[in-house]
Amino acid sequence: MAITSSPNKKQLLVMKTKAMRSGAWFRVLKRIDRALLDLTIKVIDNVRSAKLAKSVTEILGKLENAIKDPSSRFYEVGMPLAQKISIMCQKLGNLSASGWAYDSSFIKFLGVLQVNADKTFTL
């Protein structure tokens, strides 16, 4: 569901329903983003403010990406880790580590590890 113009109440409700069903509503959005969408749905029929439209469209983009590709969370978390590890290993002399920052399997592996890490056990 691509939003090309200012979103209306019906589009927001449809996207919220899809996000709730897929679990992306709480997993992807911060509390302030959820509050903004909820208030927009309750108060406005059509978004006319350019600033509000921009904010709502960005939030809807996050939801669309999360619904379309549920594993995108792993890439979001794994990418910075892969870059840091790549830089550290290059500094230690491993020249082949430069490609690790762009290796999708390595990025997903690190993301899965981080997302599934037990938060109560830390070294």
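## Basis

The model is predicted: local features need pLDDT of at least 70, side-chain atom pairs count only at pLDDT 80 or more, and totals for chains, interfaces and linings use all residues. Residues are numbered from 1 along each chain as its sequence is written, and side-chain values use heavy atoms, with hydrogens and water left out.

## Fold and overall shape

The protein chain has 6 helices and 0 strands. Helices here are DSSP runs of H or I with at least four residues; strands are runs of E with at least two; both are numbered from the N terminus. The order from the N terminus is α-α-α-α-α-α. The chain is more spread out than a compact globule, because its radius of gyration is 19 Å, well over the 14 Å that the globule rule gives for 123 residues. That radius is taken over C-alpha atoms, and the rule is 2.2 Å times the number of residues to the power 0.38.

Along its principal axes, the C-alpha trace spans about 60 × 30 × 20 Å. Contacts are heavy atoms within 4.5 Å. Among contacts with a separation of 6 or more, 60% join residues 24 or more positions apart.

## Surface and burial

Of the 123 residues, 27% count as buried. Buried means under 20% relative accessible area, exposed over 50%, and partly exposed in between (1.4 Å probe, protein chains only). The chain exposes about 8,600 Å², by the Shrake-Rupley method with a 1.4 Å probe. Carbon and sulfur atoms supply 59% of that area.

A50 sits in helix α4. A50 is exposed, with a relative accessible area of 63%. Its C-alpha atom is separated by 24 Å from that of T17, 33 residues apart along the chain.

## Cavity

A search of the whole structure finds 1 cavity of 30 Å³ or more. A cavity is a set of points on a 1 Å grid, over the protein atoms alone, where a 1.4 Å probe fits but cannot get out; lining residues have an atom within 4 Å of a point. The largest cavity has a volume of about 30 Å³, the space filled by probe spheres set on the points, which are joined across faces, edges and corners.

L12, M15, K16, W25, L37, I41, L60 and L63 form the lining. Helices α1 (9-22), α3 (31-43) and α4 (50-68) each give two or more residues to this lining. The most come from α1, with 3 residues. By class, the lining has 7 nonpolar, no polar and 1 charged residues. Nonpolar covers Ala, Val, Leu, Ile, Met, Phe, Trp, Tyr, Cys and Pro; charged covers Asp, Glu, Lys and Arg; the others, Gly among them, are polar.

Definitions and conventions. On a 1 Å grid over the protein atoms alone, a cavity is a set of points where a 1.4 Å probe fits but cannot get out, and a pocket is an open set with protein on both sides within 12 Å along at least five of seven lines; lining residues have an atom within 4 Å of a point.
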